[in-house]
Amino acid sequence: TIYFAAETAATVGHLGTETINWNTSQKQKVTITGTGITVQFTNPAGACNLLLKVVQGDGSDVIGTWDSDIKWVGGSAPTLSTGNGEIDILSFYFDGTNYFGVASLNFS
């Protein structure tokens with residue numbers, strides 16, 4: 001069961017790895033506080049739309065490695081906002097095998 005009413009939140013720091021479990025909620029939030037961060041996904045039960053809100057914890061933080069099942073627009077992961085407290089919303093369509101990702105950047 002995927003829950004649609006709640007946003008699941010996590011914080012990941014420098015050189016950390018965060019595994020987003022899409023079986024917990026289709027809306028997830030991760031606050032990043034460092035560089036060299038890895039984000040991995042636990043696949044949901046079936047095809048669905050997913051949202052990931054990425055919040056800059058202290059500015060200039062970077063996700064260095066994304067889950068290898070993500071296919072980004074243009075073939076490359078987006079460059080996320082770097083200002084303190086800025087928010088990026090990443091939308092994914094999961095087809096049962098791959099995630100197709102689109103970024104909406106720099107909500108501030």
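Val62 is placed in the loop between S5 and S6. Strands are DSSP runs of E of at least two residues, numbered from the N terminus.

When residues up to four places away in sequence are not counted, Val62 touches Ile32, Gly34, Thr35, Gly36 and Ile37, a contact being heavy atoms within 4.5 Å. Val62 and Ala45 are separated by 17 residues in sequence and by 29 Å in space, C-alpha to C-alpha.

## Basis of the model

Residues are numbered from 1 along each chain as its sequence is written, and side-chain values use heavy atoms, with hydrogens and water left out. Since the model is a prediction, local features need pLDDT of at least 70 and side-chain atom pairs count only at pLDDT 80 or more, while totals for chains, interfaces and linings use all residues.

## The three-stranded sheet

An open sheet of three strands runs in the order S2-S4-S6, with parallel pairing. S2 and S6 stand at the edges with a single partner strand each, so one side of each has no neighbour in the sheet. From one strand to the next, the twist averages 25 degrees; axes are lines fitted to C-alpha atoms, and angles run from 0 to 180 degrees between N-to-C directions.

Strand S2 (residues 17-21) pairs with strand S4 (residues 37-42) in the parallel sense over five bridges; pairing requires that DSSP finds at least two bridges between two strands. Within this pair, Thr19 stands opposite Gln40, and Ile20 stands opposite Phe41. On the S6 side, S4 pairs with strand S6 (residues 63-66), again in the parallel sense, over three bridges. Here Ile37 stands opposite Ile63. Ile37 is also one of the residues touched by Val62.

Asp88 is located in strand S8 (residues 87-94). Asp88 is buried yet has no salt bridge, and the nearest side chain of opposite charge, Lys53, is 12 Å away. Leaving aside neighbours within four places in sequence, the residues in contact with Asp88 include Leu52, Val54, Leu80, Ser104 and Leu105.

Ser81 lies in the loop between strand S7 (70-72) and S8, and counts as buried at 8% relative accessibility. Besides its link to Asp88, the side chain of Ser81 reaches the backbone nitrogen of Asn106 at 3.0 Å. Contacts of Ser81 beyond four places in sequence are with Gln56, Glu86, Asp88, Leu105 and Asn106.

Most residues other than glycine have a negative phi. Asn106, in strand S9 (residues 99-107), has a positive phi of about 65 degrees although it is not a glycine. Asn106 is partly exposed, with a relative accessible area of 41%.

Leu15, which is likewise not a glycine, has a positive phi of about 60 degrees. Leu15 is found in the loop between strand S1 (3-13) and S2, and at 61% relative accessibility it counts as exposed.

## The salt bridge

The count comes to one salt bridge, defined as a side-chain nitrogen of Lys or Arg within 4 Å of a carboxyl oxygen of Asp or Glu. Lys53 forms a salt bridge with Glu7, and the closest N and O atoms are 3.4 Å apart. The pair links distant parts of the chain, with Lys53 in strand S5 (residues 48-56) and Glu7 in strand S1, 46 residues apart.

Both partners are classed as partly exposed: Lys53 has a relative accessible area of 22%, and Glu7 has one of 41%. Lys53 is also among the residues in contact with Asp88.

Note on methods: Helix = DSSP H or I, 4+ residues; strand = E, 2+ residues; numbered from the N terminus. Buried < 20%, exposed > 50% of the residue type's maximum accessible area, 1.4 Å probe, protein only. Lys, Arg positive; Asp, Glu negative; His and termini not counted. Polar contact = N/O pair within 3.5 Å; in protein donor to acceptor, adjacent residues only side chain to side chain.
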